[in-house]
Amino acid sequence: MIMETRPALASEEEGRNKNTPLQLATLWGRIDVVRVLLEHDRSLGYRFSADGEPLLVSAAFRGHVSVARELLKYCPDAPYTYTSNGWTCLHVAAIFQQTEFVEFVLGSPQLRGLINMQDSDGNTALHLAVAVCNPKIVAALLLRQDIDVTMMNKKTMTPIMVLSGAADKAKTLNWVRLCLDYFAFCIFAFFERNLQHLKY
């Protein structure tokens with residue numbers, strides 16, 4: 001009823017944080033409100049928050065997969081990159097350890113290309129997942145055939161190099177096992193890539 005009588009309210013920003021109703025509904029995981037707002041005006045799904053955060057990044061921060069699905073249903077090319085640091089929704093899900101959201105992104109036709117995207121520091125989601133020592137997210141990323149484990153950030157560090165700095169956080173047997181598998185995977189990828197160059 002509000003959207004029919006006073007549609008301009010959908011774009012108004014609240015107080016200190018300057019969130020719109022759709023931004024708040026996304027953060028709170030209110031898929032019903034998200035649906036109503038987008039049914040009324042799909043252009044709302046393309047807006048950024050006052051600090052440059054798109055809705056997909058907000059959904060990733062809280063791990064709201066159902067909200068992200070709803071948003072992509074109405075806005076299949078919705079923005080996915082935070083303007084201040086270049087984090088995509090995949091970066092955010094990795095750093096805040098939202099495993100289900102990472103798996104959603106990797107399985108989404110619209111978003112799965114984010115796997116090798118770099119932020120403003122040159123980090124991929126794999127760099128960040130390794131840095132926070134999350135074996136499930138690292139494993140989910142490594143299972144993708146199109147992942148590039150040799151990408152360097154602006155400090156010229158590959159994810160395997162980040163791993164050496166995160167060793168003090170890695171305390172579980174599963175993490176150690178994954179690290180060894182990851183190390184072997186990286187070596188294999190490196191040699192495979194270099195052997196292909198030698199052939200040509």
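1. A salt bridge here is a side-chain nitrogen of Lys or Arg within 4 Å of a carboxyl oxygen of Asp or Glu. With that in hand, one pair to look at in this predicted model is Glu-70 with Arg-35, whose side chains meet in a salt bridge at 2.9 Å, N to O. Glu-70 sits in helix α5 and Arg-35 in helix α3 (residues 31–40), so the pair ties together parts that are 35 residues apart in sequence.

2. How exposed are the two partners? Glu-70 counts as buried, at 6% relative accessibility, while Arg-35 counts as partly exposed, at 31%. The cut-off behind the first label is 20%: a residue under that value is called buried.

3. Glu-70 has another partner too: its side chain meets that of Lys-73 in a salt bridge of 3.4 Å, N to O. These two residues are 3 apart in helix α5, so about one helical turn separates them. As a reminder, an α-helix has 3.6 residues a turn, so residues three or four places apart point the same way. Lys-73 counts as exposed, at 53% relative accessibility. Through shared partners, the salt bridges join Arg-35, Glu-70 and Lys-73 into one network.

4. How many salt bridges are there by this rule? The count comes to 4. One of them pairs the side chains of Asp-32 and Arg-30, again at 2.9 Å, N to O. Asp-32 is partly exposed, with a relative accessible area of 36%, and Arg-30 is partly exposed as well, at 40%.

5. Now please turn to helix α4, residues 55–62. Why can it be described as largely enclosed by the rest of the structure? Of its 8 residues, 6 are buried, so the description follows from that count. The buried ones are Leu-55, Leu-56, Val-57, Ser-58, Ala-59 and Ala-60.

6. What do those buried residues of α4 pack against? Their neighbours are α2 (21–28), α5 (65–74), α6 (89–95) and α7 (99–107). Just after α4 comes Gly-63, which takes a positive phi of about 75 degrees.

7. A disulfide is a covalent bond between the sulfur atoms of two cysteines. Searching the whole structure turns up 0 of them. Cys-75 counts as buried, at 0% relative accessibility, and Cys-133 counts as buried too, at 13%.

Methods: Residues numbered from 1 in each chain as written. Predicted model: local features only at pLDDT ≥ 70, side-chain atom pairs only at ≥ 80, totals over all residues. Heavy atoms only, no water. Buried < 20%, exposed > 50% of the residue type's maximum accessible area, 1.4 Å probe, protein only. Helix = DSSP H or I, 4+ residues; strand = E, 2+ residues; numbered from the N terminus. Contact = heavy atoms within 4.5 Å. Disulfide = S-S within 2.5 Å.
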